[in-house]
Amino acid sequence: MPECVDEILLETEEKMLKTVEVFERELAAIHTGRASVSQVENIQIETYGTMMRLKDVAGISTPDARTISIQPWDASNVQPIEKALLKANLGATPRVDGKVIRIFLPQPSEEGRRQNVKNAHRIAENSRVAIRNERREGLDAVKKTQKDGKITEDELATAEKEVQKLTDQYVAEIERHLGLKEKDIMTV
């Protein structure tokens, strides 16, 4: 395949991969009933006159299935962290114990779990739409290349099949992650 088509395919695949990575991060933030560092690590904290992610100013751990423990590296960050956690509306109130902040997560109700599954499906649909948009952009780019006379009709057809193959691959990846997350959420 011509180099210009290879570049288009590579760029399209990179965009699709980034979409899946964003989807995975958004999915990780959905509460499953078990404590996870990913639920809080990207919360923005106002400290040192700037906004920083929680994971950049504190150690975060999950000592058990229902507890997230946050230990700021600088004790002066305890109050800003507590404030940001309250603002994040995690469904549990953080408790300050000296220099450590603990969040005790409640067992989600059946209705809460169903809502979390709905949220996961909404995020998945948005990601599938993004993948399809990236497919359209890739197809438009190869069609323009063919229109400009850089590739033949046969090469265009082959490139279109490759773009569709990438689309199918990354949509399947989204479906796989969604299925795992849904099972995780609904398991009591």
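Thr47 touches Met52, Val57 and Asn77, leaving out residues up to four places away in sequence; contact means heavy atoms within 4.5 Å. Thr47 lies in strand β1 (residues 44-47) and is buried, with a relative accessible area of 6%. Buried means under 20% relative accessible area, exposed over 50%, and partly exposed in between, with a 1.4 Å probe and protein chains only. Helices (H or I, at least four residues) and strands (E, at least two) are DSSP runs, numbered from the N terminus.

The model is predicted: local features need pLDDT of at least 70, and side-chain atom pairs count only at pLDDT 80 or more, whereas totals for chains, interfaces and linings use all residues. Residues are numbered from 1 along each chain as its sequence is written, and side-chain values use heavy atoms, with hydrogens and water left out.

- Tyr48 is placed in the loop between β1 and β2 (50-53).
- Tyr48 is exposed, with a relative accessible area of 54%.
- Although Tyr48 is not a glycine, its phi is positive, at about 55°.
- Most residues other than glycine have a negative phi.

**Helix packing**

- Two packed helices are described by the angle between their axes and the distance between the axes.
- Axes here are lines fitted to C-alpha atoms, for helices over the stretch in contact, and angles run from 0 to 180 degrees between N-to-C directions.
- Helix α1 (residues 3-28) packs on helix α4 (residues 153-186) at an angle of about 10°, and their axes are 10 Å apart.
- That angle makes α1 roughly parallel to α4; the classes are roughly parallel under 35 degrees, roughly antiparallel over 145, roughly perpendicular from 65 to 115, and oblique for the rest.
- On the α1 side, residues making this contact include Val5, Leu9, Met16, Val20 and Phe23, while those of α4 include Ala159, Val163, Leu166, Tyr170 and Ile174.
- The residues of the contact of α1 with α4 divide into 14 nonpolar, 3 polar and 5 charged.
- In this classification Ala, Val, Leu, Ile, Met, Phe, Trp, Tyr, Cys and Pro count as nonpolar, Asp, Glu, Lys and Arg as charged, and the others, Gly among them, as polar.
- The axes of α3 and α4 cross at roughly 170° and come within 10 Å, and α3 and α4 are therefore roughly antiparallel to each other.
- The contact of α3 with α4 has 15 nonpolar, 7 polar and 10 charged residues.
- Between α1 and α3 the packing angle is about 170°, with the axes 10 Å apart; these two helices are therefore roughly antiparallel to each other.
- The contact of α1 with α3 has 14 nonpolar, 5 polar and 5 charged residues.

**Nonpolar cores**

- A nonpolar core is a set of buried Ala, Val, Leu, Ile, Met, Phe, Trp, Tyr and Cys residues joined through side-chain atoms within 4.5 Å.
- The largest nonpolar core has 24 residues, of which Val5, Phe23, Ile30, Ile131, Val142, Tyr170 and Ile174 touch the most other members.
- Helices α1, α3 (110-147) and α4 each supply at least two residues of this core, and α4 gives the most, with 8 residues.
- Tyr170 is in contact with Glu13, Met16, Leu17, Val20 and Ile131, leaving aside its neighbours within four places in sequence.
- A second, separate core of 18 residues includes Ile43, Ala58, Ile68 and Leu105.

**The sheet**

- An open sheet of 4 strands has the order β3-β4-β6-β5 and antiparallel pairing; two strands pair if DSSP finds at least two bridges between them.
- The edge strands, β3 (58-64) and β5 (94-97), each pair on one side only.
- From one strand to the next, the twist averages 25°.
- Strand β3 pairs with strand β4 (residues 67-72) in the antiparallel sense over 5 bridges, and Ser69 in β4 is the bridge partner of Ser61.
- Strands β5 and β6 (residues 100-104) are antiparallel partners over 4 bridges, with Val96 opposite Ile101 in β6.
- The hairpin of β5 and β6 has 2 residues between the strands, and Gly98 there takes a positive phi near 70°.

**Leu85 in helix α2**

- Leu85 lies in helix α2 (residues 78-88) and is buried, with a relative accessible area of 1%.
- Not counting residues up to four places away in sequence, Leu85 touches Val40, Ile43, Leu54, Ile70, Leu90, Pro94, Ile101 and Ile103.
- Leu85 and Ile103 are 18 residues apart in sequence and 9.1 Å apart in space, C-alpha to C-alpha.
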